[in-house]
Structures are given as structure tokens and as C-alpha cells.
Amino acid sequence: MKRTGLLLVVLMCAATSVMAQTKGARPEPQPSSKQDWTTALSRKIHRSIRMPRPIAGVSGPRTAKVAFVVHKDGTITDVEIRESSGVPQVDKNAREAILRVSPVAPFSADMTGETEKIVVPISMEMELPNPTTRDAVTGLTFTTPAELQTIGKADPPGEETVKYNLISTAPGRIPGTPDQAVCKVGFRVWEKDNPRYGWSQEKLNGDAMFNELEKPLRALMEEGGKRVEDTQTISLHSAKAVEMILAPASGPDVDTARQYVVFADTPTGRVSISCDTTREATPAARPVFKLLAQTVQVVR
């Protein structure tokens, strides 16, 4: 008669710290004890977990309990969801995480049974999908990173046809207060007599047309009392864009204040993005601002 044991292995999996199992990795050493074997099993399962994509309306920790049997040679069988997380995709990913690790290390010398019955609670921290904003009139569309929140349109929008205000939800990374717009995403629709109106995006992305965008913008910034500290070329979906870091040319904030700006021309108008930050925060804030910029497009 086969002897069986029962183990409970606890795993936690956060959305920001899941590690994928690497093909061709070295086999784990043979555990010398049951405790070592259990630790190695837990570690291997953790590496195999895959987070599901964000699901609308689903956030916070979701736990699925998975039961399975490990045989003496390390083979895993009888994998089933013992207790559902309430989210089918979490349950599916939890079960697949167990299937993916088989076979595990054979039993250690002090494990005398033929099989071990395991129950694994696998918790996944679900994050809501980042919200997407689309202006019905102009087609300006963008997705807001988790560190920012869109709070509505600027009224009036200034020189733009439409402009949206965004605040910081991560003040430790992006300085700001709940009543202070950190970023503005705008779009100015071309008049039909504008020389760029109706050009294809491919033409606007060409070196000649792009230089006609970049050089005047730099001059305009400098005329407005700004010093251009850095300039990069990035992509906003299909549009080629100018990305700049600006600093005051003079004044009390010359050593502290910084501004992130992006401009891109499209066949129907110009996209503009402006985010205020500090010199100290720029290294952490710039990737978030860039992530926002790279989602901007005009959907007609």
C-alpha cells in the first residue's frame, strides 16, 4: 500500500515581481532533506507563475488553491483547482504554473512515501487596466499610466483645440498635489490652409519635414526663456515626435524646476504634451511621462 503525505506550500505573486522560468536553466541540486525539497519546490513554482493581463473591474489580491500529487521521481499529476479565486484567468494561470514545473526534484532520502499530496495557495495582485481617454471631436486618444490620473479637460484649452489635465498619483516619484495639474496633453487641429494639413504621416516623419518641426520648436523654447537640456526623437504610435527636457534660463527656479515636453505633427494637427517636474525627480518621472507620450494617437 502506497503511503502519502500532505504538504501546504504558500506562494505570493505580485504583478511587479513575477519571474519567468528560463529555458535551459541549470537543474536544481538534489535536496538533502524534506525541508530543502519543499523550499526548492516553492521556489520553482514561484518562477513559473505568469500574471494574467489586467481585467476590467478586477483589482487587488486574488488567491487560487491548487491541489496536485508529486510522485517519488518528481513527476506531478492530478493537478486541479481546489478553491477558485473567483477569476477564471487567475485559476487557469495558477494551474498552468504547476503543470509547467513538472518534473520537480526527486524525493530526498528522508521522504519515505511514494507520493506527496500538495495544496498550494497562489495569490496574484491584480491591477486595473490603465484608463484610456478619447476626445470625440478631435480623436485625440491616450492611455494614462498608473502614476498619473486624468481629471478632465482644461477650460479654456489655450492655443490647442482640446487639452486634458493630469495629476500625480505617485507624489514620491512625480511631485504634485491633488489640485495641481502635473501634465497637460493637447491637440491643435490644423486649419485647411496650414502647409502641413493633409500630408501623410510618412511624409511628416521624413527628415526634411521633421527638421522643420524640431528646429523652430527649439528656437521658440529659447525665446520663451527656456534652456533645452536634452532632446530626443521618440515615436507616438506612427508619428515621429520631438522630446525635450527644459529648464529656466534664469530666475530663482533655474536649479530646481524642469519641464518635459513632446511635440508631434499628424495629418490633422499637432500633439503637444507638457509635464512639470524637478531636476531631482526627472530621472524617475521621465520614463512615466514618456510612457504617457508613447500612447498618444489621433483616432479618426
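Predicted model: local features only at pLDDT ≥ 70, side-chain atom pairs only at ≥ 80, totals over all residues.
Several residues of H1 are buried, among them Trp 37, Leu 41, Lys 44 and Ser 48. Thr 38, Ala 40, Ser 42, Ile 45 and His 46 are also buried. An α-helix has 3.6 residues a turn, so residues three or four places apart point the same way.

Val 58 sits in the loop that runs between H1 and strand S3, the latter being residues 60–71. Buried means under 20% relative accessible area, and Val 58, at 12%, therefore counts as buried. In sequence, 68 residues separate Val 58 from Met 126, yet their C-alpha atoms are 6.6 Å apart in space.

**The disulfide**

A search of the whole structure turns up one disulfide. Its partners are Cys 183 and Cys 275, with 2.1 Å between the sulfur atoms. Cys 183 belongs to strand S10 (residues 183–189) and Cys 275 to strand S14 (residues 269–278), so the bond ties together parts that are 92 residues apart in sequence. The torsion about the S-S bond is about 115°, so this disulfide is right-handed. Both cysteines are buried, as the table shows.

| Residue | Relative accessible area | Class |
|---|---|---|
| Val 58 | 12% | buried |
| Cys 183 | 0% | buried |
| Cys 275 | 0% | buried |

**The largest pocket**

The volume of the largest pocket is about 480 Å³. It is lined by 18 residues, and those closest to its centre are Glu 159, Glu 160, Met 221, Phe 263 and Ser 272. Two or more lining residues come from each of S10, helix H4 (207–223), strand S13 (257–266) and S14.

Which element gives the most to the lining of the largest pocket? That element is S14, with four residues.

By class, the lining consists of seven nonpolar, four polar and seven charged residues.

Notes: Residues numbered from 1 in each chain as written. Heavy atoms only, no water. Buried < 20%, exposed > 50% of the residue type's maximum accessible area, 1.4 Å probe, protein only. Disulfide = S-S within 2.5 Å. 1 Å grid on protein atoms, 1.4 Å probe; cavity = no way out; pocket = protein on both sides within 12 Å on 5 of 7 lines; lining within 4 Å. Points joined across faces, edges and corners; volume = space filled by probe spheres on them. Nonpolar A, V, L, I, M, F, W, Y, C, P; charged D, E, K, R; others polar.
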